[in-house]
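Please brief a reader who is new to this structure.

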Amino acid sequence: MPNQPIGFYPHIKRRCLQVATNVTEQKHHVTRETRGKNLGLCRGFRGCTVWLTGLSGAGKTSIAFELEAYLVSRGIPAYGLDGDNIRTGLNKNLGFTPADREENIRRVGEVAKLFADSGVVAICSFVSPFADDREMARKIHKDAGLKFFEIFVDTPLDVCETRDVKGLYKKAREGVIKGFTGITQEYERPQMPELVVNTHGYTVRESTQKLVTLLEQEGIIPRSLRDVDLLPELYPSESIATEALRHEAESLQAIEISTVELQWVQVLAEGWAYPLRGFMREDEYLQTLHFNTLQSGMDGSYRENHSVPIVLSATQADKDRLDGCSSLTLKYQGKAVAILRRPEFYFQRKEERLARQFGTSNPNHPYSKQVYESGDYLVGGDLAVIERIRWEDGLDQYRLTPNELRRRFKELNADAIFAFQLRNPIHNGHALLMQDTRRQLLERGFKQPVLLLHPLGGWTKDDDVPLDVRMKQHQAVLDAGVLRREDTVLAIFPSPMMYAGPTEVQWHAKARMNAGANFYIVGRDPAGMPHPAKETYPDGNLYDATHGARVLKMAQGLDSMEILPFRVAAYDKSASRMAFFEPKRKDEFEFISGTKMRTLAKTGVSPPDGFMEPVAWRILATYYQNLPQS
């Protein structure tokens, strides 16, 4: 009976199948323990089967695929075996008689067992209305010594009918479909499932979280991989604790830190670098420098993406004075800002650090210059920050922490958050890209995508536009309605800029992931710059313009964030507006470079109509025209 919905026919006698007798089970050379050490990013054998059963429309497949995405993003191999998908391939020769339905479940049970035995979490979503069939699938796993979790998705029939996009329930009510499960065919409710989930009144993520909790309890998911609603912050929430820290800090010996190092204190304190809880000790530094990751979890079984060293420099005199002390104070311009617990001093091999992070140790690289001028040692340790870092520059209201951003996204009912970082003024080409990204997400079924417009707010090189000017320009773009104010969050990312290309762009994405973003827009040559010795490469640039986006898509530990490529926009002369570049009409497009934009602004010449919002352009032009003449 091709193309018939699940739920047909009462029980009839099972037809006999010929059984092979001349077969012998062959033992694998690779043990489950060995698979567990080498399969996936999260070490340990975690193979099992999660079996979701329930009425059509209960939400089984939605939960299955959400769980699959959750596990895979955390380095745990998983695969969703869906009823409809199986019937278009492996079981396409089966109908919907009770005998065929039993064989359908038997085959799926055997396939799931093989997945589980290989170390994969097999997630099966099948109506599977008969208790005997489900028990058969359980026994297949029990006999193989594998875990099997029966999940009853107990959604009321009337709710399932409202979700009936295929119209199957309606046809069953009208008598067009006979023997449909839940209408004229009984569904045998599980008596002792491992978990009961009701999807009515809950989001898919909330329902899936119940399965995640079960798998944590069963040791399939390490608790260290658990999502956190709020990230731990390294400064106290109560004034009493602040005063106690301040009093302790005054009793300790101190190191004076630079402005850039204070920016890193802020980054650490607010949770952008979570799970890092202080300046890197040597093992953390080596992991970052050589692997672009940090081990996390009690057993170090999972690797978090972390591509840039976050370190504190110290001089030989600092080491001689402070090595061996249990805690020390960090001071900025003479004021105590944090306490460093259990400090560890280690030698800083500057050339090695720079070569690995930047691909060059050229002293004319702007961030390298700071490294060369820093102390010969690094000191790591856990941070206790006395109070939240404030800069009192009129922009603190934009400096939202990851937790504040998460709360803001929740208030906006965001179901997709796409982040866009820039360190330059916004022109209409940028706006077009952000508008188009929102359109794509809506077409993919998201209801409320929210843009995180997130300019970098830490140190930048001298010829970059200052933060206060950029924020005025960005706000003018929002005020003019070029971007939708109702679903855009404009905030400052406090990290310093390093100009480390593909290495740094991983840090930019990971930090936004900590703030709740699940999509990240990446452009050409992110975090790039001209090579300090331009003759080194034919294009004169330090990094290949395509490598940042390509590396992001391959980077370990960023699996829960989807990387969205930057489509190239240029000025369409025929339409007097920014548009996506079309090679077939290349003569009708003009690329307005940053150098040309600066020249226009300095000389008081307006750009072509449609290049940038007029008020935003005037803010930029005023800044350039007021620069001292060199």
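The briefing below goes from the whole chain to single residues.

This is a predicted model, in which local features need pLDDT of at least 70, side-chain atom pairs count only at pLDDT 80 or more, and totals for chains, interfaces and linings use all residues. Residues are numbered from 1 along each chain as its sequence is written, and side-chain values use heavy atoms, with hydrogens and water left out.

**Whole chain**

- The C-alpha trace of the chain spans about 95 × 70 × 50 Å along its principal axes.
- The chain has 21 helices and 21 strands; helices (H or I, at least four residues) and strands (E, at least two) are DSSP runs, numbered from the N terminus.
- Of the 630 residues, 53% count as buried, where buried means under 20% relative accessible area, exposed over 50%, and partly exposed in between (1.4 Å probe, protein chains only).
- Among contacts between residues at least 6 apart in sequence, 74% join residues at least 24 apart; a contact means heavy atoms within 4.5 Å.

**Domains and annotations**

- The domain assignment gives domain 1 (32-218), domain 2 (239-385) and domain 3 (396-626), with bounds that come from an automatic or database assignment.
- The C-alpha centres of domain 1 and domain 2 are 47 Å apart.
- An unreviewed UniProt entry places "domain: APS kinase" at residues 46-198; UniProt positions are in the numbering used here, feature names are shortened, and annotations may be inferred rather than shown by experiment.
- Residues 46-198 are 42% helix and 17% strand, and the end C-alpha atoms of this span lie 26 Å apart.
- The UniProt annotation "domain: Sulphate adenylyltransferase catalytic", also from an unreviewed entry, covers residues 396-622.
- Residues 396-622 are 35% helix and 14% strand, with end C-alpha atoms 23 Å apart.

**Helix 13**

- In helix 13 (residues 350-358), the buried residues are Lys350, Arg353, Leu354, Gln357 and Phe358.
- Seen down the axis of helix 13, these buried residues fall within an arc of 95°, so they line one face of the helix; the arc is that of the directions from the helix axis to the C-beta atoms.
- The cover over the buried residues of helix 13 includes helix 11 (282-291), helix 14 (366-373), strand 13 (377-385) and helix 18 (501-514).

**Aromatic pairs**

- The structure holds 18 aromatic pairs; rings of Phe, Tyr and Trp (its six-membered ring) pair if their centres lie within 6.5 Å, and planes under 30 degrees apart count as stacked, over 60 as edge-to-face and the rest as tilted.
- One of the pairs is Tyr285 with Tyr346, which is tilted, at 5.7 Å centre to centre and 45° between the planes.
- This pair links distant parts of the chain, as Tyr285 is in helix 11 and Tyr346 in strand 12 (residues 335-347), 61 residues apart.
- Tyr285 and Tyr346 are both buried.
- The ring centres of Trp459 and Tyr499 are 6.1 Å apart and their planes are at 90°, so the pair is edge-to-face.
- Trp459 is partly exposed, with a relative accessible area of 21%, whereas Tyr499 is buried, at 0%.
- One aromatic cluster is formed by Trp264, Trp272, Phe493 and Trp507.

**Charges over rings**

- Arg512 lies over the face of Phe493, at 3.9 Å from the ring centre; a charge sits over a ring if NZ of Lys or CZ of Arg is within 6 Å of the ring centre and within 35 degrees of the ring normal.
- Lys210 lies over the face of Tyr202, at 4.3 Å from the ring centre.
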